[in-house]
Amino acid sequence: MKTTILLAAMTMMTSSIVAFPQEPALTGSCAVPEDVAESFFPESIDSGLKSVLLPVDYGRMGNCREWVSDALATVTPDSYGYDEKSGVEKLLNEKTYPVTPADMVGSWRVRSIQIDARDGIFSYPYFRCRFRNVDGKVFFEKTTGSQRKSGFVYQNGPESLAFLGGWSVNDEPQTSYGAENSVAGVLYKIGTRRAIILFPTSADRVEIYELIK
């Protein structure tokens, strides 16, 4: 009799348990799967970009400063390029100023600073780049150096621009946003003739473009 009652109680308890879906696994580029990312559009990104920004870039764009800071924090005295860490931190924390795509038009010089949480900081010399008007929009292109990014810049907030483009090598054809070598980033003006673009490729690998005019 007692056994029968116990089994009945266990059956009722089992049938009342709610099956919760498993938490989605994090990916290397965005914490939100593409099929559900539509409902997680970050408030830090201008809503006007929703029609052109790929869901996989929501996390990258919305948390770019945090991703760069986190990657930089992992660089230890044993890491390659550790002596550059304080300079990169200063660059990242510079005061930002209002900027529009039109403000950027002209010839600039740019250097790449790549931060890898596992290997350290790798910086490169300055190369030529430019912002120019193309079909009513402003287009950025790095014109020298082996690793080249190019793409359009759009107004994001009063003090930031969204960069949507791609990367290519040497004289290969430029890659447009949404293609295989797609790249998204955020541009900040940090002086009269200075700017940075943050490219959070993944949570542990980021790149900074430092621009001077």
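Val110 has Phe127, in strand β3, as its bridge partner. That pairing belongs to a set of 5 bridges that join strand β1 (residues 106-116) to β3 (residues 127-134), with the two strands running antiparallel. Strands here are DSSP runs of E with at least two residues, helices are runs of H or I with at least four, and both are numbered from the N terminus; two strands pair if DSSP finds at least two bridges between them.

A quick word on the ground rules: this is a predicted model, in which local features need pLDDT of at least 70 and side-chain atom pairs count only at pLDDT 80 or more, while totals for chains, interfaces and linings use all residues. Residues are numbered from 1 along each chain as its sequence is written, and side-chain values use heavy atoms, with hydrogens and water left out.

Zooming out, the chain has 4 helices and 9 strands, and its pattern along the sequence reads α-α-α-α-β-β-β-β-β-β-β-β-β. Of its 213 residues, 44% count as buried (under 20% relative accessible area, with exposed meaning over 50% and partly exposed in between, using a 1.4 Å probe and protein chains only). Taking contacts (heavy atoms within 4.5 Å) between residues at least 6 apart in sequence, 49% join residues at least 24 apart. The accessible surface, from the Shrake-Rupley method with a 1.4 Å probe, comes to about 12200 Å², and 55% of that belongs to carbon and sulfur atoms.

Back to β3, which also pairs on with β4 (residues 137-142): 6 bridges join these antiparallel strands. Together β3 and β4 make a hairpin with 2 residues between them, and Asp135 in the turn has a positive phi of about 55 degrees. Arg130 has Glu141, in β4, as its bridge partner. The side chains of Arg130 and Glu141 also meet in a salt bridge at 2.5 Å, N to O, where a salt bridge is a side-chain nitrogen of Lys or Arg within 4 Å of a carboxyl oxygen of Asp or Glu. Arg130 counts as partly exposed, at 37% relative accessibility, whereas Glu141 is buried at 5%.

The structure holds 10 salt bridges. One of them brings together the side chains of Asp116 and Arg205, at 3.9 Å from N to O. Asp116 sits in β1 and Arg205 in β9 (residues 205-212), so this pair ties together parts that are 89 residues apart in sequence. Asp116 counts as buried at 9% relative accessibility, but Arg205 is partly exposed at 36%.

Elsewhere, salt bridges that share partners join Glu94, Arg111, Arg194 and Glu210 into one network.

Asn156 also lies in β5 (residues 147-157). With 12% relative accessibility, Asn156 counts as buried. Its side chain reaches the backbone nitrogen of Asp46 at 2.8 Å. Leaving out residues up to four places away in sequence, Asn156 touches Ser44, Ile45, Asp46, Leu49, Leu161 and Ala162.

Notes: Polar contact = N/O pair within 3.5 Å; in protein donor to acceptor, adjacent residues only side chain to side chain.
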